[in-house]
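Subject: Structure handover

Hi there,

Here is the structure I promised to pass on.

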Amino acid sequence: MLATTSTLSSTASQLTPLSSLSPNPFSVKVSFTFRENKNRIAVPTSLKSQRCQLSALPALRVSASSQSAPTSVEASKVSALPSEMKAWVYGEYGGVDVLKFDTKVAVPELLEDQVLVKVVAAALNPVDFKRRQGKFQNTDSPLPTVPGYDVAGVVVKAGSKVKDFKEGDEVYGDINEKALEGPKQSGSLAEYTAVEERLLALKPKNLDFVQAAALPLAIETAYEGLERTGFSAGKSLLVLNGAGGVGSLVIQLAKHVFGASRVAATSSTGKLELLKSLGADLAIDYTKENFEELPEKFDVVYDAIGQCDKAVKVVKEGGSVVALTGAVTPPGFRFVVTSNGAVLKKLNPYLESGKVKAVIDPKGPFPFSKLVEAFSYLETNRATGKVVIHPIQ
């Protein structure tokens with residue numbers, strides 16, 4: 001099961017509509033105190049002693065509310081900007097247990113080329129938990145960290161050199177230009193986040209904030225990977241993990257934007273119809289078939305699961321294999337996506353026409369209070385499409 005921006009297949013009728021959930025007020029006994037300068041959070045002197053006192057937060061009761069609100073309603077919620085905000089924070093690397101909810105995190109200071117976004121929805125990505133686990137701590141920004149890359153929200157303040165956005169604009173994007181090189185300390189899993197305008201685009205008019213938040217990092221990764229292979233009209237493609245956040249968008253972009261002649265994709269049995277609805281000509285059940293034994297060869301194989309050693313067996317001579325994770329076997333290659341609002345702007349017409357759709361896991365959206373549960377689910381590697389957090393409050 002899955003949730004998408006529109007009916008993707010005959011299974012869509014079985015899906016529960018996305019609903020917005022709002023957490024009840026609550027408090028924690030110990031909170032981090034932050035002072036931020038240029039999007040960097042200063043580590044409080046008491047942080048080390050506080051770590052041993054912090055305990056996991058209990059599950060919070062939530063109440064149902066309306067789905068995504070129109071611009072006028074969302075914008076009207078923004079009054080005088082506060083100096084502090086609610087955010088999820090971790091002060092050490094580790095599992096989900098290091099995530100702590102704090103109600104007194106400093107709102108990021110704005111640089112002249114940035115806008116301050118009131119976050120309405122955010123999405124989780126594998127890079128979020130790999131960062132939290134310390135997988136690239138040598139190039140990470142200093143702790144403590146407010147995590148989060150994907151954002152959809154409303155501009156509430158613009159820096160002096162910002163030209164393309166104004167207060168009240170609905171925007172979306174990946175807030176970190178380089179995913180692994182000094183990503184922001186103050187991310188999107190907070191009430192406010194500061195973002196360079198070049199990393200953002202106006203939210204597609206037909207998408208709500210939940211749908212928009214599900215797209216940026218994944219669709220930019222899908223697009224950049226295809227571009228790097230020189231993919232073009234008339235070529236064939238195999239996507240490994242076609243029901244995942246990136247894979248589901250690779251299928252759609254290859255078919256509807258690049259003009260692929262043939263797209264094949266792998267998934268588990270229950271997700272085969274999804275692959276077909278997204279544009280796959282051949283849906284392969286990896287629980288019953290070994291794709292590497294196919295007689296058919298492909299111009300490009302997009303490996304979004306970590307099976308490059310098998311992927312290279314089904315690529316044509318002179319073809320390309322994109323490997324997002326796992327060991328790389330030649331002629332496979334890896335890249336790290338560069339966030340770019342211009343790519344989102346280029347793809348907005350395809351999103352607004354419905355040719356390309358966000359795929360959102362049916363367990364979501366998760367309310368802000370359930371972030372730990374959302375990360376735990378994402379880390380099972382069983383999510384369909386994207387795991388989204390909404391509302392942020």
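Which residue stands opposite Tyr192 in S11? Lys118 does. The strands involved are S8 (residues 114-124) and S11, which pair in the antiparallel sense over five bridges; two strands pair if DSSP finds at least two bridges between them. Helices (H or I, at least four residues) and strands (E, at least two) are DSSP runs, numbered from the N terminus.

Before going further, two words on where this comes from. This is a predicted model, in which local features need pLDDT of at least 70 and side-chain atom pairs count only at pLDDT 80 or more, while totals for chains, interfaces and linings use all residues. Residues are numbered from 1 along each chain as its sequence is written, and side-chain values use heavy atoms, with hydrogens and water left out.

Back to S11 (residues 192-196): five of its five residues are buried, where buried means under 20% relative accessible area, exposed over 50% and partly exposed in between (1.4 Å probe, protein chains only). Tyr192, Ala194 and Glu196 lie on one side of S11, with Thr193 and Val195 on the other, and both faces are covered.

Now the overall picture. The protein has 10 helices and 20 strands, and 56% of its 393 residues are buried. Of the contacts (heavy atoms within 4.5 Å) with a separation of 6 or more, 72% are between residues 24 or more positions apart.

Next, the interior. In soluble globular proteins, nonpolar side chains tend to be buried together. A nonpolar core here is a set of buried Ala, Val, Leu, Ile, Met, Phe, Trp, Tyr and Cys residues joined through side-chain atoms within 4.5 Å. The largest one has 58 residues, and Ile219, Leu226, Leu237 and Leu253 have the most contacts inside it. Helix H5 (residues 216-228) gives this core its largest share, six residues. Domain 1 (84-203 + 360-389) and domain 2 (222-334) each supply at least three residues to this core; the domain bounds come from an automatic or database domain assignment. Another core, of 33 residues, lies apart from it and includes Tyr90, Leu99, Leu143 and Ile392.

H5 itself is mostly covered, with 11 of its 13 residues buried, including Ile219, Glu220 and Glu224. Leaving aside neighbours within four places in sequence, Ile219 is in contact with Leu249, Leu253, Leu344, Leu347, Leu351 and Val356. Just after H5, Gly230 takes a positive phi of about 75°.

Happy browsing!
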